[in-house]
Amino acid sequence: MEFEPVIGMEIHTELATKSKIFCGCSTTFGSPPNTQVCPVCLGMPGVLPVLNKKALEYTIRTAIALNCKISEITSFDRKNYYYPDLPKNYQISQNYACLGYDGWIEIPCGDQRKKVGINNVHLEEDAGKNYHPETPVGEEYSLVDLNRAGMPLIEIVSAPDMHSSPDALAYMTTLKNLLQYLEVSDCKMQEGHLRFEVNISVRPKGSDQLGTRVEIKNLNSMKTAIKCIEHEIERQSEILETGEKVLQETRLWDEPSGSTRAMRSKEVAQDYRYFPEPDLVKVLITTPWQEKIKSNLPELQEAKKKRFIKEHELPEYDANILTSSKPLADYFEKCVKIHPNAKGISNWIMTELMRELNNREMEPDECPITPGHLASLIKMIDQGTISGKIAKQVFPEMLDSGKLPEEIVREKGWLQISDEEEILKIVNQVLEENSDTVKTILAGKDKAIGFLVGQVMKISRGKANPGIVNRILRQKIKSMQP
Amino acid sequence: MKEHKITTKDVQHVALLSRLHLREQEIEDYTRILNDILEYFAKLNQLDTEDIAASSHSINMENVFREDRITRSLSVQDALSNAPESEENCFKVPRIIQDT
Amino acid sequence: MLQSAQDHPGYVKDQKLEPYELTTIQAIEKLQNRELSSMELTQSVLDRISRVEPKIQAFLTITGDQALKQAQEADKILALNENPPPLTGIPIAIKDNICTKGIRTTCASKILEKFIPPYNATVVNQLRNAGAIILGKTNMDEFAMGSSTENSGYKITRNPWDLERIPGGSSGGSAAAVAARAAPIALGSDTGGSIRAPASYCGVVGVKPTYGRVSRYGLVAYGSSLDQIGPIARNVMDAALLLEIIAGFDPRDSTSADMPVPPFTQLCRRDIRGFRIGVPEQYFTEGMDPEVESLIKEAMKQMENLGAEIIDISLPHTEYAIACYYICAMAEASSNLARYDGAHYGYRAENTDNIIDMYSHTRAQGFGAEVKRRIMLGTYTLSAGYYDAYYLKALKVRTLIKRDFEQTLKHVDIIATPVTPTAAFKIGEKTTDPLTMYLSDIFTISLNLAGMCGLSIPCGFTSSGLPVGLQIISDIFREEKIFQAAYMFETSTSHHKKKPSLESREAPNGV
């Protein structure tokens with residue numbers, strides 16, 4: 001029997017605000033433990049939350065971009081459960097009146113596009129982090145860092161509209177892209193800005209009944225989410241093949257075994273006892289306010305693409321690729337600002353840079369080659385300081401060392417030879433050593449000039465300026481014409 | 001609101017949700033006391049509230065915000081000053097049954 | 001803002017008064033005239049505390065040394081300033097559920113026995129900015145859950161008028177301290193009557209401001225949508241002054257009202273001719289002490305003598321208020337108290353080997369019986385399957401109760417009622433059945449549900465010499481009306497001049 005999966009996802013994204021959602025502590029990543037906490041985010045007795053307006057506006061922005069209906073009145077609710085990284089033992093979230101609902105997003109599906117429904121978009125606070133150091137058996141303990149507690153999070157809950165792991169990947173990628181373009185989150189995976197949860201069930205192909213849903217939590221990367229989805233499809237299909245039933249449960253991804261496993265905790269069913277948060281008041285999102293936010297959206301993908309075509313005079317193909325992600329588009333524009341050769345820069349980004357980023361699974365802003373570095377490299381080519389061919393050798397050096405191209409060229413002695421006298425010397429040498437070929441050229445076989453150029457390049461170890469070599473060689477040969 | 005009696009099993013479940021360890025005798029006592037009080041609460045059934053809106057707040061207020069500005073955090077010492085146990089500037093707690 | 005002490009009808013020729021016996025307004029005058037120093041005043045109060053504490057047990061923490069240091073500073077300011085901050089040099093007692101930086105704040109619970117907040121509640125900052133001196137933290141029912149202060153995790157506070165009786169709760173320590181002249185003024189908190197009832201039982205003035213009038217930042221939460229901090233004082237003017245100082249918008253409290261604070265001390269002094277006073281029929285119930293009932297009725301006659309008009313009104317949903325209140329309060333409390341788990345601060349149970357056991361044993365050992373009961377009930381009423389039946393239902397009944405008040409207050413200036421059905425009852429009398437204790441809140445509880453302001457003012461004594469209070473209620477943000485009526489009533493009577501005769505009593509056995 002053939003089975004098809006039904007997949008929904010919940011994505012949590014950390015917002016790029018300066019301060020936390022309910023207090024003024026900084027949101028900077030990577031600070032020493034418990035250095036960005038205050039009585040409010042520590043959940044001390046008597047403290048009260050006050051809502052960060054920017055976090056709210058980012059949520060409205062996101063809901064608008066996801067084509068959601070916006071609740072005229074939105075409010076917060078307490079989600080009650082006990083965990084040491086949740087100091088109040090409740091999370092302030094939204095349940096009864098989420099900010100955005102009934103939206104959708106378009107994702108690529110093969111050659112076409114399809115819509116994935118967005119069930120709701122809501123705002124909530126993040127919990128801190130737990131660490132489990134290695135200890136002898138019987139002496140186990142955990143350490144809690146509350147720097148992250150109180151960070152603002154947007155949760156995006158999709159409808160179960162995905163039916164394959166490519167769908168899921170397209171959904172995650174499209175959403176990540178959108179969030180970056182909206183400038184509500186940097187979506188830096190290494191800083192935990194995006195977290196995924198998958199709800200997946202399997203049913204016989206063509207059936208319209210939903211199978212038993214399994215929930216998988218705490219997936220930290222798209223790669224893991226995809227592996228997990230593929231594993232679950234297989235696991236559930238196998239169970240159904242044998243005629244057994246799939247258990248409705250919450251599972252976790254276990255990287256070492258490459259499979260999911262059931263949660264071990266004592267409590268199987270969580271009763272969150274949601275009730276209205278008495279310490280916060282309702283939010284009225286008026287139509288004029290929504291309009292204002294809509295009209296102040298940052299430049300989104302389509303608009304940027306069009307502008308690249310017009311302003312930077314790039315072909316559509318280039319603009320498409322360069323705007324495929326905001327970090328990449330920003331990288332490109334930073335380069336162009338330093339050295340205004342848009343097409344040249346575009347070529348290098350689309351070929352060399354993107355290849356390396358993909359191979360190393362790196363984001364543009366993590367690349368050791370900064371926009372300044374790349375711009376310098378291309379400037380050096382344009383000024384004739386190095387040849388394009390040499391540049392292709394400099395590039396991996398830059399990647400490995402993070403050094404400036406000028407430094408590398410200097411160290412390796414790769415400066416292009418543009419001195420005409422020096423080139424003439426080598427040309428003469430080549431002409432002398434290859435008199436047969438010269439004869440062939442003089443007899444009319446022009447193509448063999450290429451071979452001679454190659455020889456000059458060989459002797460000069462690629463440093464001779466090919467344009468000049470070509471010119472001088474041709475001149476000399478012409479002068480040898482009878 | 002149905003007239004339901006709370007059982008000792010209910011009490012045990014609620015005690016778990018509330019993270020309160022109860023002794024046998026306490027479970028018995030709570031079952032009895034909670035039943036009495038819940039019976040009293042059932043008085044509210046006498047009122048028809050079909051078309052009445054719920055008031056989760058006593059005073060009607062809306063749109064209270066703060067600007068996205070960083071304010072001073074506590075020092076690590078102050079943050080941990082009341083911690084029963086701490087290590088490496090973190091709060092130290094007994095083993096969490098690891099689900100992550 | 002400040003009146004001259006001599007204008008006050010309660011003014012007694014002061015040569016015979018010890019400093020601790022002065023009212024706040026009287027003390028301010030003397031301090032500003034340099035007739036008295038803050039050191040002398042504070043020392044006098046501290047000495048008084050050490051004499052009466054063995055009998056009344058009002059304080060959990062006394063910050064004597066710190067208070068004297070603050071008094072020294074205050075004297076410097078008084079010497080140099082023409083116009084010092086309004087409470088400079090005045091000692092004040094603070095209920096132990098209000099956070100005081102560097103001073104142990106326990107909420108009368110074992111679970112916070114060693115908790116020292118690294119921050120002040122907003123009201124404490126306001127008091128310090130006004131120059132007040134902190135005497136110490138007063139006893140209360142654990143986490144403000146109770147009506148007699150018998151639920152304290154540490155000790156029982158006794159009513160200064162009769163040491164065998166309760167001072168009321170949950171702000172029993174503050175009320176007893178003020179009544180016993182162990183503090184000229186104090187702060188309490190009121191969620192269901194916890195300022196007004198003890199004020200009534202102890203023969204002092206207690207005010208529950210409109211919800212949002214005073215910041216809750218730093219008030220350890222019990223019922224977040226119901227809690228308010230308020231003044232407890234020996235007379236109306238002192239209470240009005242204290243409220244002027246602690247009221248006001250606080251950006252750290254989202255439920256704090258962004259409204260200007262009227263000059264209550266000035267607005268007190270207007271007569272009440274033509275005032276319409278509503279008296280609700282539902283507030284004179286069976287089970288009410290006949291002496292209390294007759295004292296209230298006498299008070300109404302007194303109001304009429306002052307020119308007010310007494311109007312019969314109806315608050316039809318009164319009988320549902322207790323059930324409604326307790327469901328709302330317990331639900332919120334079950335969530336507010338979840339943070340006390342031994343993880344980040346407070347008491348932690350020993351010898352547990354995993355976190356769930358640590359939580360469960362910490363809370364079982366650290367919380368008292370009443371707190372645990374309310375947490376259990378609150379959790380139950382919010383739990384899956386019961387939310388609609390209990391919690392949501394209660395929120396709807398709350399709307400009905402609010403409407404009762406809103407509609408009535410369109411036709412009357414204030415509402416007058418008893419505060420409690422009886423005068424102070426004996427220690428231990430109502431502790432066997434929690435429900436009996438809850439029912440004593442019947443007259444005070446509706447106000448918290450509706451968010452309105454109310455105060456309790458002494459209106460007489462029973463034949464056994466126990467104080468009885470009159471409750472005066474007005475519409476939201478109209479505290480000036482209740483002060484006005486209360487002040488006029490006070491100046492036409494002399495109940496506030498009486499004081500308990502503690503000197504002649506011995507401390508009870510076993511104290």
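A polar contact, as the term is used in these legends, is a pair of N or O atoms within 3.5 Å, where, within protein, one atom must be able to donate a hydrogen and the other to accept it. The model shown in every view is a predicted one.

The elements that give two or more residues to the side of chain B that touches chain C are helix 1 (8–17), helix 2 (24–41) and strand 3 (90–94) of chain B, and the largest share, nine residues, comes from helix 2 of chain B. Sorted by class, the residues on this side of chain B are 30 nonpolar, 11 polar and nine charged. Four salt bridges are found across the interface of chain B and chain C; one of the salt bridges between these chains joins the side chains of B:Lys43 and C:Glu319, with an N to O distance of 3.0 Å.

**View 1. The area buried between chain B and chain C.**
The contact draws on 50 residues from chain B and 73 residues from chain C. Between them the two chains bury about 5500 Å², and 69% of this area is on carbon and sulfur atoms. On the side of chain B, the residues that lose the most area to chain C are B:Leu44, B:Ser58 and B:Asn82, which together account for 12% of what that side buries.

**View 2. The interface of chain C and chain A.**
Here 40 residues of chain C are in contact with 33 residues of chain A, and the two chains bury about 2900 Å² between them, 58% of it on carbon and sulfur atoms. C:Ser254, C:Arg339 and C:His344 supply 21% of the area that chain C buries against chain A, more than any other three residues. The count of salt bridges between chain C and chain A is one: C:Arg216 pairs with A:Asp279, and the closest N and O atoms are 2.9 Å apart. Across the interface of chain C and chain A there are also 16 residue pairs in polar contact, with both residues at pLDDT 80 or more. Helix 10 (321–336), helix 11 (355–366), helix 12 (369–382) and helix 13 (387–408) of chain C each supply at least two residues of the side of chain C that touches chain A, and helix 11 of chain C gives the largest share, five residues. By class, this side of chain C has 22 nonpolar, 10 polar and eight charged residues.

**View 3. Helix 5 of chain A and its buried face.**
Within helix 5 (residues 301–311) of chain A, the residues A:Lys304, A:Lys305 and A:Phe308 are buried. Seen down the axis of this helix, its buried residues fall within an arc of 105°, so they line one face of the helix. The buried residues of helix 5 of chain A pack against helix 2 (165–181), helix 6 (316–322) and helix 7 (326–338) of chain A, whereas the face turned away from the buried side carries the exposed residues A:Lys306, A:Lys310 and A:Glu311. Just after helix 5 of chain A, A:Glu313 takes a positive phi of about 55°.

**View 4. Helix 13 of chain A and the helices that cover it.**
In helix 13 (residues 435–442) of chain A, the buried residues include A:Thr437, A:Val438 and A:Ile441. These residues cover an arc of only 105° around the axis, which puts them on the same side of helix 13 of chain A. An α-helix has 3.6 residues a turn, so residues three or four places apart point the same way. What covers the buried residues of helix 13 of chain A includes helix 12 (420–433), helix 14 (449–459) and helix 15 (466–480) of chain A, while the exposed residues A:Asp436 and A:Lys439 are carried on the face turned away from the buried side. Helix 13 of chain A is followed by A:Gly444, whose phi is positive, near 125°.

A:Asn67, in the loop between helix 1 (53–65) and strand 3 (69–70) of chain A, has a positive phi near 60° although A:Asn67 is a residue other than glycine. A:Asn67 is partly exposed, with a relative accessible area of 33%. In the loop between helix 1 and helix 2 of chain B lies B:Arg19, another residue other than glycine with a positive phi, here near 50°; with a relative accessibility of 6%, B:Arg19 counts as buried. In chain C, a cis peptide bond with omega of about 5° joins C:Gly169 and C:Ser170, and C:Ser170 lies in the loop between strand 3 (133–138) and helix 5 (172–179) of chain C.

How values were computed. Residues numbered from 1 in each chain as written. Chains lettered and ligands numbered in written order. Predicted model: local features only at pLDDT ≥ 70, side-chain atom pairs only at ≥ 80, totals over all residues. Heavy atoms only, no water. Contact = heavy atoms within 4.5 Å. Buried area = accessible area lost by both parts, 1.4 Å probe. Helix = DSSP H or I, 4+ residues; strand = E, 2+ residues; numbered from the N terminus. Nonpolar A, V, L, I, M, F, W, Y, C, P; charged D, E, K, R; others polar. Polar contact = N/O pair within 3.5 Å; in protein donor to acceptor, adjacent residues only side chain to side chain. Buried < 20%, exposed > 50% of the residue type's maximum accessible area, 1.4 Å probe, protein only. Arc of directions from axis to C-beta.
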